[in-house]
Amino acid sequence: MITVTFTAPDGAEIAASARPGLTLMEAARDACVPGILAECGGACSCSTCHVYIDPAWTAKLPEAEEMEVDLLDFAVEVDPETSRLSCQITLTPELDGLRVRVPARQG
Amino acid sequence: MSHIAVIGAGQAGSALAAKLRALGFDGRLTLIGAEPVAPYQRPPLSKKYMAGDMTLDRLFLRPQAFYDENRIDLVTGCQVEAIDPEAMTIRMADGAAIAADQIALTTGADPIRLPAAMGGALPRVYTMRSLADADAMAPEFTAGRRVLIVGGGYVGLEAAAVAASRGLKVTLVEMAPRILARVAAQETADWIRAVHVAHGVEFREGCGLQGLTETDTGAYAAALSDGTTVTVDFVVCGIGVRPATALAEGAGLTLDNGIAVDAFGRTSHPRIFAAGDCASFPWQGGRIRLESVPNAIDQAEATAASMLGQGAPYVAKPWFWSDQYDVKLQIAGLNTGHDRVVVRPGDKPGSQSHWYYRGATLLAVDAMNDPRAYMTGKRLIEAGHSPLPEAVADPAVALKALPLADDLAA
Ligand SMILES: Cc1cc2nc3c(=O)[nH]c(=O)nc-3n(C[C@H](O)[C@H](O)[C@H](O)COP(=O)(O)OP(=O)(O)OC[C@H]3O[C@@H](n4cnc5c(N)ncnc54)[C@H](O)[C@@H]3O)c2cc1C
Ligand code: FES
């Protein structure tokens, strides 16, 4: 299992444990992490699964594909360095320990 | 303690129950669903799940822990038989009656089935609405088999895409003069059709299925209205849905293309509400019923608020998506009433967008592999702005710099 720590907008930390192959969005959903709406269920069509990746981890993630980059541009309060769409990140063993911050709002 | 019962545990029902708790409802909360499983996402059924690229555990909208932590009493596998609107009681399949102070109907829609007289009762004729439907037809999807898809709407086309990608021989019949006739312009239909044709799908448009008969070899012979016969191994029907109104009808609620609700999700009964695919609501001076995830969620959440007396009128912001092969089609707005379609070539090969106008007003955008066009259109439509059609048609004008018709008017 892969452990991911989500920091909610109020500072609370939630540790999620998920199997490889799930997306970061699914890990959050299954751990009842609030603030990741994921309205399109991972179809890269809503940008309401936006998160900030801990700067120590951004380089370890596979680069965003064009679809994600294009959509991310329209998310709220995007940070060019750390913003990602959590539904487009598939969890692999290398990502065990990943830390992620949930934005205050998604739209 | 007050009790709210939500009937129909799908996309809208689960969103409505979750929102009631998020807004502080502290009473008893029951979510009752006829299907044997917790609320799940339907869109992947005709996409990734059907293609075998997504496992069952990923389909669920929320984990069981969510319902437990939020004290949502989720009752699955339980068909509600009737509602007594005077007594405010709900009769379950086993005859038990439970009382509620408020009821929300989120019963969704039922797929239209092929009549038995046309072969609809044959064992390998499938519909595409539920997880059970998808699981039942999954074993048929093996390379080399022949499938007839009946209906060229999004669900039928997505099923065709999965089948063709997996090496099946696909024939699609559509009774209307063309595919996507109800939902998209000719331009979009032509674009999508071309992708399918390139993957070997055979189209028979303006052509109805007259009937299926079983052949000596156990295959099905499909007689078509153009006089031809197609022999297939199985059939998938994507011929639309009907709003699930039986409970509402039995309770004497006003129906109008679904359960008629006002902008607050109220039915004609003061303590019964409805949202999602089953409900029609006021829209631009008329009434509309949408069949989409975003509407199910947004309308359910707005209705939850009004059930708690915190409501604001629901204003739909329609959007939708469809995945076929490596094409992502994203749609913003509703094109009803358009008189013109402006084509905008995308930045990359294989991308394009179609902008629907009524006069100078932008109504909707269909974007094929062009999320920037989709999001730009979505923002503009939601803000009530219309870019100049000439600028939209000119790919040299950046999406971010599209001049607005309202700027000129001002
Ligand atoms: C194959 C497929 C693909 C789709 N793709 C997309 C897409 O890409 N994008 C998009 O936005 N939308 C898509 N949709 C539409 C979307 O799934 C629906 O709009 C959405 O599910 C509607 O939610 P709902 O809660 O109103 O209804 P549903 O999700 O249908 O839920 C209604 C539930 O109520 C239950 N119920 C009904 N009557 C009773 C009763 N008497 N007692 C107890 N339970 C009852 C039903 O069993 C059902 O589980 C797709 C739909 C299908 C079928
Ligand atoms: S869930 Fe919709 S874009 Fe990620």
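A residue counts as buried when its relative accessible area is under 20%, as exposed when that area is over 50%, and as partly exposed in between (1.4 Å probe, protein chains only). The model is a predicted one, so local features need pLDDT of at least 70 and side-chain atom pairs count only at pLDDT 80 or more, while totals for chains, interfaces and linings use all residues. Residues are numbered from 1 along each chain as its sequence is written, chains are lettered from A and ligands numbered from 1 in the order in which they are written, and side-chain values use heavy atoms, with hydrogens and water left out.

Now for the build of chain B. Along the principal axes, the C-alpha trace of chain B spans about 70 × 60 × 35 Å. The radius of gyration is taken over C-alpha atoms, and the globule rule puts it at 2.2 Å times the number of residues to the power 0.38. For 410 residues a compact globule would come out near 22 Å, and chain B, at 23 Å, agrees with that.

Chain B is split into domain 1 (3-110 + 241-307), domain 2 (113-237) and domain 3 (326-409), with bounds that come from an automatic or database domain assignment. Domain 1 of chain B meets domain 2 of chain B through a contact (heavy atoms within 4.5 Å) that takes 17 residues from domain 1 and 14 residues from domain 2. The C-alpha centres of these two domains of chain B lie 30 Å apart. Within chain B, 59% of the contacts with a separation of 6 or more are between residues 24 or more positions apart.

Next comes the surface of chain B. Its accessible area is about 16,700 Å², and 53% of that belongs to carbon and sulfur atoms; such areas come from the Shrake-Rupley method with a 1.4 Å probe, and for residues only the protein chains shown count as cover. Chain B carries 36 positive and 44 negative side chains, and the centres of the two sets lie 3 Å apart. Lys and Arg count as positive and Asp and Glu as negative, whereas His and the chain ends are not counted; each charge is placed at NZ of Lys, CZ of Arg, CG of Asp or CD of Glu.

Chain A has two helices and five strands, which follow the pattern β-β-α-β-α-β-β along the sequence. Its radius of gyration is 12 Å, close to the 13 Å that the globule rule gives for 107 residues, so chain A is as compact as a globular protein of that length. Of those 107 residues, 52% count as buried. Chain A has 7 positive and 17 negative side chains, with the centres of the two sets 5 Å apart.

Two residues deserve a look for their backbone angles. Most residues other than glycine have a negative phi. Cys32(A) is not a glycine, yet its phi is positive, about 55 degrees; it sits in the loop between α1 (24-30) and β3 (50-53) of chain A and is partly exposed, at 21% relative accessible area. Asn369(B), also not a glycine, has a positive phi of about 50 degrees. Asn369(B) lies in the loop between β26 (361-368) and α9 (371-383) of chain B and is buried, with a relative accessible area of 17%.

Key
Helices (H or I, at least four residues) and strands (E, at least two) are DSSP runs, numbered from the N terminus.
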